[in-house]
Amino acid sequence: MASSRYERIWGVVRRIPRGRVATYGQVAVLAGIPRGARQVGYALHALPDVTSVPWHRVLNARGCISVRAGGASVTQLLRLEREGVRFDSGGRTDLARFQWQPRRRARSKQLRR
DNA sequence: GCGGTGACGGTCG
DNA sequence: CCGACCGCCACCG
């Protein structure tokens, strides 16, 4: 019970830098759960209202906000725009430009790349 | 323990 | 480019 999937997922989301976004699938892979995009959505849904996890930086593979609950999506959009992430008229963002590209985890004392 | 469900994703028409 | 379908996998009743 060291760390549930939720803990790992939240841990990954917490690493997303300000002004950048990540996709559900990307977060899933980084959390060690390939094909677990849906579970990422579940994990974020389970977050409390007040949290230090920047859940708003997670978008779907198309680069748009996929939230069903009306209100929350607006909050997410506002927060991202405030961080400098721009959306087009279709509510999509340019992933090539804003997607977070994490560096491979350095294995302490081992050169990365 | 089973079946339905869903902040998703890739494929097909 | 867009909508429909199916596949995945953990949570909930």
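User: What counts as a polar contact here?

Analyst: Good place to start, since this is a predicted model and such contacts are read from its atoms. The atoms involved must be N or O, and the pair must lie within a set distance. That cut-off is 3.5 Å.

User: Which residue has a side-chain N or O atom 2.7 Å from a base oxygen of DNA strand C?

Analyst: Sugar and phosphate make up 50% of the atoms of DNA strand C within 4 Å of the protein. The contact you ask about goes to a base oxygen, and the side chain that supplies the N or O atom belongs to Gln-39.

User: Which helix gives the largest share of the surface near DNA strand C?

Analyst: Two elements give two or more residues to this surface: helix 1 (5-14) and helix 3 (37-45). The largest share is three residues, and it comes from helix 3.

User: Are helix 1 and helix 3 roughly parallel or roughly perpendicular?

Analyst: Their axes come within 10 Å and cross at roughly 85°. Angles from 65 to 115 degrees count as roughly perpendicular. Therefore helix 1 and helix 3 are roughly perpendicular.

User: How many charged residues are in the contact of helix 1 with helix 3?

Analyst: Helix 1 brings Tyr-6, Ile-9, Trp-10 and Val-13, while helix 3 brings Gln-39, Val-40, Tyr-42, Ala-43 and Leu-44. By class, eight of the residues are nonpolar and one is polar. The number of charged residues is therefore none, by the way the classes are set.

User: Which residue has a polar side-chain atom 2.8 Å from a phosphate oxygen of DNA strand B?

Analyst: DNA strand B is surrounded by 15 residues, and the closest include Gly-41, Leu-44 and Ser-66. A polar backbone atom of Leu-44 lies 3.2 Å from a base nitrogen, and a polar side-chain atom of Arg-38 lies 3.1 Å from a base nitrogen. The side-chain contact with a phosphate oxygen, at 2.8 Å, is made by Ser-66.

User: How many residues does helix 3 give to the surface near DNA strand B?

Analyst: Helix 2 (24-30) and helix 3 are the elements that give two or more residues to this surface. By class, the surface has seven nonpolar, six polar and two charged residues. Helix 3 gives the most, and its number of residues is seven.

Key: Residues are numbered from 1 along each chain as its sequence is written. Chains are lettered from A and ligands numbered from 1 in the order in which they are written. This is a predicted model: local features need pLDDT of at least 70, side-chain atom pairs count only at pLDDT 80 or more; totals for chains, interfaces and linings use all residues. Side-chain values use heavy atoms; hydrogens and water are left out. A residue is near a molecule or strand if one of its heavy atoms lies within 4 Å of it. A polar contact is a pair of N or O atoms within 3.5 Å; within protein, one must be able to donate a hydrogen and the other to accept it, and residues adjacent in sequence count only if both atoms are side-chain atoms. Helices (H or I, at least four residues) and strands (E, at least two) are DSSP runs, numbered from the N terminus. Axes are lines fitted to C-alpha atoms, for helices over the stretch in contact, and angles run from 0 to 180 degrees between N-to-C directions. Angles under 35 degrees count as roughly parallel, over 145 as roughly antiparallel, 65 to 115 as roughly perpendicular and the rest as oblique. Contact means heavy atoms within 4.5 Å.
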